[in-house]
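Here's a friendly walk through one protein model, written for someone meeting it for the first time. Have a look at the structure, and then we'll go through it piece by piece.

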Amino acid sequence: MNTAARQLETIGGGIAALQGGGGSVAALSNEARASSELLAALPPRYGEVLLNLLDRLESSALFSEESCSFSQKDLLDNLQTWADKARAQLPS
């Protein structure tokens, strides 16, 4: 497995952990932002979308679910969709 695919798997694991009630938004965000090989292997738009989703996820983590305009569950679902589409873009 190449480095980009490993980085994507790590991000996917972080998303799954948060969806399951564990994990850390900060850890997922730091891992995703540091995934330079993955982002270099994907079309530029993927990086823009990922950073936008991470910014909103970090913002949602600062507030209780009710007071935040971003639903953390919806953001995690969107990140999962992003990861699925990114996986399809990577050469196997």
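Let's begin with D74, which counts as partly exposed at 44% relative accessibility. (Buried means under 20% relative accessible area, exposed over 50%, and partly exposed in between, with a 1.4 Å probe and protein chains only.) D74 lies in helix α5, and its C-alpha atom is separated by 9.5 Å from that of L57, 17 residues apart along the chain.

Before going further, a word on the source: this is a predicted model, where local features need pLDDT of at least 70, side-chain atom pairs count only at pLDDT 80 or more, and totals for chains, interfaces and linings use all residues. Residues are numbered from 1 along each chain as its sequence is written, and side-chain values use heavy atoms, with hydrogens and water left out.

**The overall picture**

What does the chain consist of? The protein chain has five helices and zero strands, so the order from the N terminus on is simply α-α-α-α-α. Helices (H or I, at least four residues) and strands (E, at least two) are DSSP runs, numbered from the N terminus. The radius of gyration is 13 Å, close to the 12 Å that the globule rule gives for 92 residues, so the chain is as compact as a globular protein of that length. That radius is taken over C-alpha atoms, and the globule rule is 2.2 Å times the number of residues to the power 0.38.

Along its principal axes, the C-alpha trace spans about 40 × 25 × 20 Å. Of the 92 residues, 33% count as buried. The accessible surface comes to about 5200 Å², and carbon and sulfur atoms own 52% of that; such areas come from the Shrake-Rupley method with a 1.4 Å probe, and for residues only the protein chains shown count as cover. Take the contacts (heavy atoms within 4.5 Å) between residues at least 6 apart in sequence: 62% of them join residues at least 24 apart.

In soluble globular proteins, nonpolar side chains tend to be buried together. The largest nonpolar core here has 22 residues, and the members touching the most others are L8, L28, L38, L42, L57, L79 and W82. Helices α1 (3–19), α2 (25–33), α4 (44–61) and α5 (72–89) each supply at least two residues of this core. The largest share, six residues, comes from α5. As for the term, a nonpolar core is a set of buried Ala, Val, Leu, Ile, Met, Phe, Trp, Tyr and Cys residues joined through side-chain atoms within 4.5 Å.

Which residues does L79 contact, leaving aside its neighbours within four places in sequence? They are I15, L28, L50, L53 and L57. A83, found in helix α5, touches L8 and I15, not counting residues up to four places away.

**Helix α2 and its buried side**

The buried residues of α2 are V25, L28, S29 and A32. They cover an arc of only 95° around the axis, which puts them on the same side of α2; the arc is that of the directions from the helix axis to the C-beta atoms. These buried residues pack against α1, α3 (36–41), α4 and α5. At the start of α2, a side-chain oxygen of S24 reaches to within 3.2 Å of the backbone nitrogen of A26.

S29 is in contact with L54 and E58, again leaving aside neighbours within four places in sequence. The C-alpha atoms of S29 and L51, 22 residues apart along the chain, are separated by 8.8 Å.

**Some buried residues side by side**

| Residue | Helix | Relative accessible area |
|---|---|---|
| Q7 | α1 | 14% |
| S29 | α2 | 1% |
| S60 | α4 | 5% |
| A83 | α5 | 0% |

Q7 is in contact with A34, S35, S36, E37 and L38, leaving aside its neighbours within four places in sequence.

Key:
Polar contact = N/O pair within 3.5 Å; in protein donor to acceptor, adjacent residues only side chain to side chain.
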